[in-house]
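Please keep the model open while reading.

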Amino acid sequence: MNYRVAIVGIGWYGYRPVTPEVSYKEMVYQAAVRAYADAGVDPRKDIESFITVAEDFHEGTSIFDEYTPDQLGAALKPMHTIAGDGLHGLATGYMLIRTGQFDLVAVEGHSKASNILTLPEVTAYAQDPILNRPLRMNTHFIAGLEMNRFLFETGTTPEQCAAVVVKNRRNALKNPAAAYGANLTIDEILNSPPISWPLGKRDTAEEADGAIVMVLASERLASNLTDQPVWILGAGWCNDTPSLENREWGRIPYVEQAARMAYRQAGINHPQDTIGFAEVDDTYSYKELQSLEALGLINPGEAGLLTEAGFTAADGDLPVNVSGGSLGSGHLLDATGLARALEVVVQLRGQAGARQLEGVQTGLAQSWRGVPTTSGAVLVLAN
Amino acid sequence: MGMRKVAVVGAGMTKFVRRAQETAKELTWQASRMALQSCEMTMDDIEAVCLGTAPDAFDGIHMNGEYLSDGAGAWRKPYMRSYVGGGTGVFVPIQGWYHIASGLFDVVLVVAEEKMSSYYPHAQAAFLTIFDHTTERPLKPNLLWIFALEMNRYMSTYGISKADIARVSVLHKQNAADHPCALLGEANISVEDVLNSEVLAWPVQRYDVSPVSDGAVAVVLAAEHIAKRITDKPIWIEGVGWNLDTSYWTNKDLAYPRYVEYAARMAYEMAGIKEPRKEIHIAEPYDPFDYKALHHLEGLQLAERGKAVQLYIDGTAARDGNMPVCPSGGLLGVGNPIAAAGLMKIAELFWQLRGEAGARQVPGDPRRGIAQAWGDLMQVGTVVVMGR
C-alpha cells in the first residue's frame with residue numbers, strides 16, 4: 001500500500017462564459033498538456049490510470065465515457081469515468097494510488113456549459129420522475145426553498161448572503177482565470193431580480209466553460225517529480241437522501257459527514273485551528289455560509305455575521321473562496337470541485353500571484369453536486 | 001506491505017425480465033436486500049456504496065446515480081457511481097475493490113441496475129445518442145449495425161461460419177434453462193433455430209443477440225479480517241484489470257479486442273497467473289452477441305486468435321467440459337440489463353466457486369474463475385479474476 005498521495009501536476013483551460021473557438025476535447029487537451037508539463041510526465045509512458053468526471057446529460061452524449069481517452073493520452077490505458085464531482089474524481093485517484101497498484105494517476109473534469117441550450121430543463125430532469133417532476137419545479141426554485149429554511153433556522157439575513165457575493169466577485173478580480181469578477185455593492189445584489197424568493201439572480205453562480213486536469217502521485221514518485229508536492233491528507237464524501245420530502249432543509253448532514261471522514265483521515269480534531277483557508281461550494285450565496293458551518297470551520301449560525309465582519313475575506317482570519325468561488329469564477333458543472341481544489345493547490349504552492357495568501361499550510365476544498373442532490377465531498381490538502 | 005485482500009462475501013440478484021413492474025430504484029433495493037441477507041448483514045454494517053448503471057437516457061433521469069442512491073442503501077454513506085458503458089457491470093466490483101484495497105473502508109456494497117424498458121418504444125433508440133455528434137450521428141447508425149460490422153470482420157478474418165458461431169448461442173441459452181432468474185433459457189434450442197431466426201442486420205440474427213431486459217444485482221465486498229468473520233467460504237478478488245481504447249473505433253481493426261487483452265494481462269499479473277488456459281477453471285466472458293463470447297475468450301488469452309469456437313465444438317466450453325464458458329447462461333440466456341448483466345457474472349462465479357450454483361453447478365470443485373465485460377464503442381474491457 002501507498003499511504004501518502006500528492007498532487008504533483010495541475011493544468012487548466014478557461015474559465016470563460018463562452019468558448020466558441022474550442023471544443024470540449026480541445027479544452028481538455030490544453031489543460032492536460034499543461035498538467036503533464038507541470039508534473040514533468042509523459043501520459044503515454046508514465047501515467048498508469050486516468051479518471052474523468054462527467055454526466056451524460058451535461059455532455060449531450062449517452063455513455064459519455066466513450067469520448068474521454070484520446071484528448072488525455074489515455075487510449076489503451078486503464079481509464080474510467082465517475083458520475084460525480086471533481087472531488088469524487090480526486091478521491092478516486094487517491095484510492096487507486098493507495099491500493100499500491102498505481103503510482104501515477106490523472107484526473108480530468110470539464111464544463112462546456114455554453115453548449116447546453118436548455119440547462120434549466122436538463123437539471124430539472126434530475127428530480128424524481130414520479131413524485132417531483134410533475135410539479136414542474138425549476139432547479140433554482142428548490143434552492144430558494146432551501147435558502148429560506150437556512151435563513152429561518154440560523155437567523156442569517158439576505159444581506160449577509162449578499163456579502164458573500166460581494167466578497168467572492170471582488171476576489172475574482174485578482175484571479176486571471178475567473179470569468180465573473182466584479183465590484184458590486186450589497187444593494188446591487190439585493191436589488192437583482194428575484195428568482196425564487198429570497199434567492200435573487202446575483203445570489204446564483206453563472207456557468208462557465210473550462211477544463212482542469214490534475215496529476216496525482218504516490219509518495220515514492222512525488223519526491224522525484226516535484227519540490228512542491230501538495231499532499232492529500234484526507235478525502236471524504238457522502239450522500240444524504242435524494243428525496244426532497246425526507247431531507248433536512250436547513251442543515252446539510254452530507255457535508256458534515258464528508259468533513260468528519262476527511263478530518264479523521266487527516267488526524268484533525270480541531271478544524272478551526274488547523275485549516276488555514278478554504279474553497280467551498282458557493283453555487284448559491286447561502287451555500288457558502290451553510291457549508292462553512294457544516295464543515296465545522298465556523299460555529300452554527302455565525303457564518304453570516306462573520307462574513308459581514310470580514311472574517312472570510314482574503315485578509316481575514318479564514319480566507320474563503322479567494323479564487324472567487326463559483327460566483328466569481330463561474331460554475332464549472334462537474335468540474336466545480338476540481339476548480340476548488342485547484343485554487344488550494346495554487347495557494348499552497350505559493351503561485352497565486354496577486355491573491356496569494358501568506359504562510360498557508362493546510363487548505364480545504366469542498367463541493368456539492370447541485371439541486372436536487374445531497375451529494376458532497378471534502379478534500380484536505382497540505383504542503 | 002502487500003496489498004489488502006478483498007473478498008466477495010454475499011450476492012443477490014433479481015429476476016431478469018422484459019418489463020419489470022418495479023421502478024429502477026425498487027430493483028436496486030431488492031438486489032441490495034438479497035445480497036445483505038445472503039451474508040446476514042444489514043446496512044449498518046456497510047461503510048460505503050458503489051453503484052453501476054449505464055446511460056441516464058434509459059431512465060430519462062439526469063444524474064441517475066444520485067436518484068438511485070437511497071434504493072442502493074447509500075443513505076448518509078460515502079457513495080459513488082462509476083461507468084464505462086457496457087463494461088460497467090464488471091467495473092463496479094473493481095470500484096468496490098479499490099475502495100477496500102485503499103484501506104479507507106472494510107465493507108462495501110456494490111450494486112448494478114438497469115431498467116431498459118422505460119425507454120419507449122425500444123431502448124435501442126437511446127443508443128442513437130452514443131455516437132460522435134459530428135462524424136457519426138448524421139449516418140444514424142445503431143448498435144446492431146456496428147456490431148454486424150464487427151461480426152463480419154471477425155468471421156471473414158478467421159473464416160468462421162455462422163453455424164459454428166450459433167453454437168455459442170445454443171450452449172448459453174441451454175445453460176440458462178437452469179437459472180431461476182433467466183429470461184431466455186431454452187433447453188431444446190438448436191443451431192437451426194438460431195440460423196432460421198429473423199435477420200436484424202446481416203450477419204446478426206435475432207438469436208445471435210441478447211434480449212433487452214430489466215434487472216439488478218448486488219454483491220457485498222469485505223476486507224480479509226472481516227470476510228473471515230462473516231463466512232467460511234469467502235471468494236477472493238485475486239486480480240482486476242480494465243482498459244479503454246480510443247473513441248475512434250472506425251480507425252482500428254475490429255477482428256481482435258486488444259483492450260480486452262490488456263485488461264486481462266493486468267488482472268493476470270495481479271493474480272499471479274502465468275498460464276491462464278490452465279489456471280482459469282470457469283470463464284464468464286461478456287456475450288451480448290454470440291460472436292462476442294468468442295472474441296473475448298481470445299482477448300482473455302483463453303483461446304488462440306480465431307480458434308475460440310473450437311472450445312464449443314470439442315465440448316471444452318460445456319458445463320461439464322474442461323473450462324466451462326458462461327455456465328450461468330450469460331447475457332444470451334439470462335438477459336442483458338447492461339450493468340446488472342456484468343455483475344451477474346461476478347455473482348455467478350461467487351456461487352460456482354462456493355459450490356452453491358444448484359442445477360448450474362460446474363463439477364470438479366472449480367478453484368478459480370474469470371468474469372469480463374465490454375462496452376462503449378467496441379472500446380473497453382473490464383476483467384475480474386476470482387478464486388477460493
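Several elements of chain A, including α5 (139–154), α6 (158–172), α9 (253–266), α12 (303–308), α13 (325–329) and β10 (362–368), cover the buried residues of α11(A). This is a predicted model, in which local features need pLDDT of at least 70 and side-chain atom pairs count only at pLDDT 80 or more, while totals for chains, interfaces and linings use all residues. Residues are numbered from 1 along each chain as its sequence is written, with chains lettered from A and ligands numbered from 1 in the order in which they are written.

Helix α11 of chain A spans residues 285–294, and ten of its ten residues are buried (20 or more other C-beta atoms within 10 Å of the residue's own, with C-beta atoms placed from the backbone). Among them are A:Tyr286, A:Lys287, A:Glu288 and A:Glu293. Helices here are DSSP runs of H or I with at least four residues, and strands are runs of E with at least two, numbered from the N terminus. After α11(A) comes A:Gly296, with a positive phi near 75 degrees.

An automatic or database assignment supplies the domain bounds: domain 1 of chain A is 5–117 + 208–231, and domain 2 is 128–205 + 232–382. In domain 1 of chain A, 32 residues are in contact with 30 residues of domain 2 of chain A, contact being C-beta atoms, placed from the backbone, within 7 Å. On the domain 1 side, β1(A) gives the most, with eight residues.

How values were computed:
Buried ≥ 20, exposed ≤ 12 C-beta atoms within 10 Å, placed from the backbone. Contact = placed C-beta atoms within 7 Å.
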